[in-house]
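I opened this model to look up its rings, cores and strands. My notes follow in the order I took them.

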Amino acid sequence: MLNLSYYMPVKLFYGADCIKQNACYFQSLGRKCLIVTGKNSAKVSGALDDVLQVLEKHQIDFIIFDEIKQNPLLSDCVRAGKIAQSEQVDFVIGIGGGSPLDAAKAVSVFASNEMEPLKIFEGNYVNRPLPLILVGTTAGTGSEVTPYSVLNVDIGEDKVARKRSVQNLYAAASFGDYQYTRSLNQSITIATALDTLSHCIESYFSKKSNTISEGFAKQGAKLVIDVFRDLNGEFTDKQRQKLYAASIYGGLAIAKTGTCYCHSMGYFLTEDYQVAHGIACAVFLPSFLRLGCELDTKKADELLFELDDNLSNLCDMIENLTQYRPIYLTQTQKNELCERWKKDNKFASSPGNFTVADAMELIDEIFGV
């Protein structure tokens with residue numbers, strides 16, 4: 001039976017020059033905004049200039065908060081929220097890759113609520129978050145269309161800056177223009193594409209998937225695999241268009257299902273070993289793909305037919321693109337990971353009955369320790 005239940009309230013403007021072509025939308029949200037971004041990507045990509053031209057054209061005042069780092073800190077989101085409050089802005093604009101977009105979602109909450117920072121993870125706010133516009137500059141997270149804000153918690157008991165997710169924070173609108181990804185170098189483009197591929201494959205085999213999310217996941221995975229298969233030197237404009245579209249498909253898929261154990265297990269590689277997020281997730285993706293294909297042969301056949309490839313070739317391709325250095329984990333570190341993963345609901349949504357013990361076996365298998 002078809003399962004077509006789906007919810008995605010984001011208004012998506014997509015295509016080359018979509019900001020300039022839909023400039024009037026910004027005016028509909030108010031007369032003053034806070035722009036949340038990092039130090040470089042928004043400027044280098046050209047996205048910030050395009051947004052500023054629109055704001056100036058429509059006489060919308062703005063303040064720029066450009067202190068969001070890779071793997072955004074909760075404390076920075078709190079600071080930006082206080083600035084938004086003091087400046088009495090009407091809406092928030094996030095510009096950048098997954099980090100600034102996720103941060104902007106959290107800032108929209110703090111901008112309209114006086115609250116203890118850690119309360120944001122509970123999802124019960126007195127006031128609605130401020131309206132939010134997102135402008136993506138990478139083809140990876142799909143944060144433009146997801147309800148998730150992944151933050152590094154550096155406040156309270158979690159000062160070691162572990163990742164936690166806020167739920168149900170959709171943007172009012174997102175602008176998706178692949179041209180902003182031209183400024184990304186080869187390694188970042190590959191890493192973000194691997195993040196997209198992880199989203200698609202994890203969502204496809206997730207226990208929470210349905211007919212609609214599986215369709216998005218298959219289409220996104222196909223676009224990424226097609227690009228990887230044909231990659232010869234630098235990425236072409238056509239390939240960048242495909243990767244950006246794939247990231248949106250992946251975002252639409254995980255908006256329904258969330259991610260599975262690849263993301264859960266990859267977090268510690270990013271936090272403790274500075275492995276790029278997409279690479280960190282893809283380290284565990286071949287094992288996840290094999291598991292999904294083993295446990296659901298019908299879905300596996302449909303996916304492999306769509307991708308026009310076989311399981312062995314796909315796993316080899318991912319492993320060849322996933323450059324990571326061996327790590328050694330002490331028993332204490334392993335015990336800490338076990339305790340962390342026991343609380344992780346992403347394991348439960350993975351195919352089969354994936355347990356913490358399975359995760360530790362996988363760590364030993366991949367890293368040879």
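Entry 1: I began with Phe205, which counts as buried at 5% relative accessibility. My cut-offs for accessibility: buried is under 20% relative accessible area, exposed is over 50%, and partly exposed lies in between, with a 1.4 Å probe and protein chains only. The model is predicted: local features need pLDDT of at least 70, side-chain atom pairs count only at pLDDT 80 or more, and totals for chains, interfaces and linings use all residues. Residues are numbered from 1 along each chain as its sequence is written, and side-chain values use heavy atoms, with hydrogens and water left out.

I then searched the whole structure for aromatic pairs and got 15. Phe205 and Phe288 form an edge-to-face pair, 6.5 Å centre to centre, with 70 degrees between the planes. Rings of Phe, Tyr and Trp (its six-membered ring) pair if their centres lie within 6.5 Å; planes under 30 degrees apart are stacked, over 60 edge-to-face, the rest tilted. This pair links distant parts of the chain: Phe205 sits in helix α7 (residues 186-205) and Phe288 in helix α12 (residues 285-295), 83 residues apart. Helices (H or I, at least four residues) and strands (E, at least two) are DSSP runs, numbered from the N terminus. Phe288 is buried too, at 0% relative accessibility.

**Entry 2: the cluster and charges over rings.** Which residues form one aromatic cluster? I list Tyr204, Phe205, Tyr261, Phe268, Tyr273, Phe288, Trp341, Phe347 and Phe354. Lys299 lies over the face of Tyr204, at 4.8 Å from the ring centre. The charged end of Arg164 sits over the ring of Phe121, 4.2 Å from its centre. The test asks for NZ of Lys or CZ of Arg within 6 Å of the ring centre and within 35 degrees of the ring normal.

**Entry 3: cores.** The largest nonpolar core has 65 residues. I define such a core as a set of buried Ala, Val, Leu, Ile, Met, Phe, Trp, Tyr and Cys residues joined through side-chain atoms within 4.5 Å. Met265, Phe268, Leu269, Phe284 and Trp341 touch the most other members. The largest share of this core, nine residues, comes from α7. Apart from it lies another core, of 31 residues, among them Ile68, Ala106, Val109 and Ala111.

I checked Trp341 for contacts, meaning heavy atoms within 4.5 Å. Leaving out residues up to four places away in sequence, Trp341 touches Ser264, Met265, Phe268, Phe347, Val356, Ala359, Met360 and Ile363.

**Entry 4: the six-stranded sheet.** In what order do the six strands of the open sheet run? I read β1-β8-β5-β4-β2-β3, with parallel pairing. Neighbouring strands are turned by 20 degrees against each other on average, direction ignored. Strands pair if DSSP finds at least two bridges between them. Three bridges join β5 (residues 132-136) to β8 (residues 173-176). Val135 stands opposite Phe175 in β8.

Helix α6 (residues 98-110) packs on the sheet and touches β2 (32-36), β4 (91-96) and β5; its direction makes about 165 degrees with that of β4. Axes are lines fitted to C-alpha atoms, for helices over the stretch in contact, and angles run from 0 to 180 degrees between N-to-C directions.

**Entry 5: β6 and β7.** Five bridges join β6 to β7 (residues 162-166), and the two run antiparallel. Leu151 has Arg164 as its bridge partner in β7. Is β6 buried or exposed? Five of the five residues in β6 (residues 149-153) are buried. Ser149, Leu151 and Val153 cover one side, Val150 and Asn152 the other.

Entry 6: Asp17 has a positive phi near 60 degrees. Asp17 lies in the loop between β1 and α1 (18-21), and is partly exposed at 32%. Asp308 also has a positive phi, near 55 degrees. Asp308 is in the loop between α13 (297-307) and α14 (311-321), and is exposed at 61%.

Last, I looked at Glu271 in helix α10 (residues 261-273). Glu271 is buried, at 14% relative accessible area. Glu271 and Arg162 are 109 residues apart in sequence, yet 7.0 Å apart in space, C-alpha to C-alpha.
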